Each structure stands twice: as C-alpha cells, then as structure tokens.
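Please have a look at it first.

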Amino acid sequence: MNPYDLLKNDHDKVSDLFKRIESASGKAKLAGFRKLKAELDVHTMIEETIFYPALKNAAESRDLTLEAYEEHRVIKDLLAELAAAEPGDQWDAKFTVLKENVEHHVDEEEGDLFKKAKDVLSTEQAEALGDQMAAEKERQSAPVADELKKPSFIKRVVNSLLGGSTTKRDEKKKKAGKATAKKKTAKPAARKATRKTGAKKSNAKQAAKKSVKRKRTVTGTAAKKAARKSPPSGRARAKAA
Ligand SMILES: [Fe+2]
Ligand SMILES: [Fe+2]
C-alpha cells in the first residue's frame, strides 16, 4: 500500500472532524472530540513506530523527522488536557490551538517530509511501510479489549512464544509453580520410602519367625540326641523294670 496515500487519507478525515466539532455543541461536540482523539492516537502511533523510524536514520530526512516527533508530543499533550478539561471557553481556546498545531504539522508532513521520504525510500520500501501501517491500523480498530492492545501484553505474548517470561510477576509465578511441583513430587517419594520401610519391617518379622521356628526345631532335635546319648538314672531304670 502507498504510505503517502494512507497518511493523507487520515489527515483528510481529521480535518473533517475538526470542522464538525467546531460547528457542534454539547454532547455532540464531546463525542466528536473523542472520535478525533482516537483517530489521532492511532495515526501518531503508526507514524512514530513504523514511518518515522525509517526516515530518522537517513541524513536527508533526520531533522524533519525529529521535528515531527516533537510536534506530535505537543499535539498529544493538548489532546490529554482537552480530554480532562470541562467544556467551556477555555476548552474552545485550547481546541483552536490544537487545530492550528495539527494543521501546521500536516502541512509540513505532506510537503517537506513526504518529499524527503520519497528521496530516501525505494518504492518497495515505502510500500512495505504502507502495508505495515495499514495492518497496525486495522489491528488497533478491531473490537478487542484495550488490555490486548497494550505493548506490555504484546511483549508478554511474544516472549511466551519464545519460551521466556517478561514481567516480575511472571517470574514470581514461575518460581511459585516450581515450588508447588517440588511439593507434589515430594509426596509420592515419601510414600515410596514409607512403603519400602514397611516392606523391610514385614520382611524382618517373617525372618524372625523363621529363626524362632528353626531354633525350636534345633532345640528339639538336640534334646532327642542328648536323651539318646546320656543313659537313664538308677531310679528311672527301677521304674522301667
Ligand atoms: Fe500525519
Ligand atoms: Fe505526524
């Protein structure tokens, strides 16, 4: 996709929104402002993360790009202040300053910056940037929870896919998981040990019983042998007679 067309379309949309907000009042004015802020949030984000980095490192476009980052910062501050302020004359004055800043920035972007970008980037490079910006815009406008759009969430997903963890909370969870796993494996091992000890004990019992039996048998045999060897006493002989 042509990145210049994509960005210009956004600029035109924003320009229309400014006109509508200026002629609106009450709730319609605030609703229009919320829409404008959402548009500018996504637009500045795709420029700062995809378009500007490609121009920042080239000598011909470096100064203009750094200036553009600074102009975005002023615009974002004004948007944040307007989002937090109550409607009234001061709000309207601030809104006019925002409009003037955006118009000035858009003029510079569509004029000098696009011209420098066309010198610095090949058609293929520019198209690739356009595709990336279009994809990011689509992703940002998809009806998913805000949490899923946060850079921290994306970082966690990427890291988990790569097999690592990102946050301190993740690390804690990982450690806690390992400790639980150890406990779980420790129990069966203990049971095994108990079973082994029990088996040893019962083996010992059986061995003791056998030994007693053997002793009894030995004792009985020895007594019989002794009886045969020693002759009976005189009294015994008389009794027998
Ligand atoms: Fe722009
Ligand atoms: Fe911009």
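Leu-55, once its neighbours within four places in sequence are set aside, is in contact with Ser-61, Thr-65, Lys-116, Ala-117 and Val-120, where contact is taken as C-beta atoms, placed from the backbone, lying within 7 Å. This is a predicted model, in which local features need pLDDT of at least 70 and side-chain atom pairs count only at pLDDT 80 or more, while totals for chains, interfaces and linings use all residues. Residues are numbered from 1 along each chain as its sequence is written, and chains are lettered from A and ligands numbered from 1 in the order in which they are written.

Leu-55 also belongs to the largest nonpolar core, which has eleven residues, including Ile-46, Phe-51, Leu-64 and Met-133. Such a core is a set of buried Ala, Val, Leu, Ile, Met, Phe, Trp, Tyr and Cys residues joined through C-beta atoms within 7 Å, and buried means that 20 or more other C-beta atoms lie within 10 Å of a residue's own. Of this core, α2 gives the largest share, five residues; the helices here are DSSP runs (H or I, at least four residues), numbered from the N terminus.

Turning to α3, its buried residues are Ser-61, Leu-64, Thr-65, Ala-68 and Leu-82, and their cover includes α2 and α4.

In α4, the buried residues include Phe-95, His-105 and Glu-109, and at Glu-109 the helix bends by about 35°, the angle between axes fitted to the seven residues ending there and the seven starting there.

Notes
Buried ≥ 20, exposed ≤ 12 C-beta atoms within 10 Å, placed from the backbone. Helix = DSSP H or I, 4+ residues; strand = E, 2+ residues; numbered from the N terminus. Contact = placed C-beta atoms within 7 Å.
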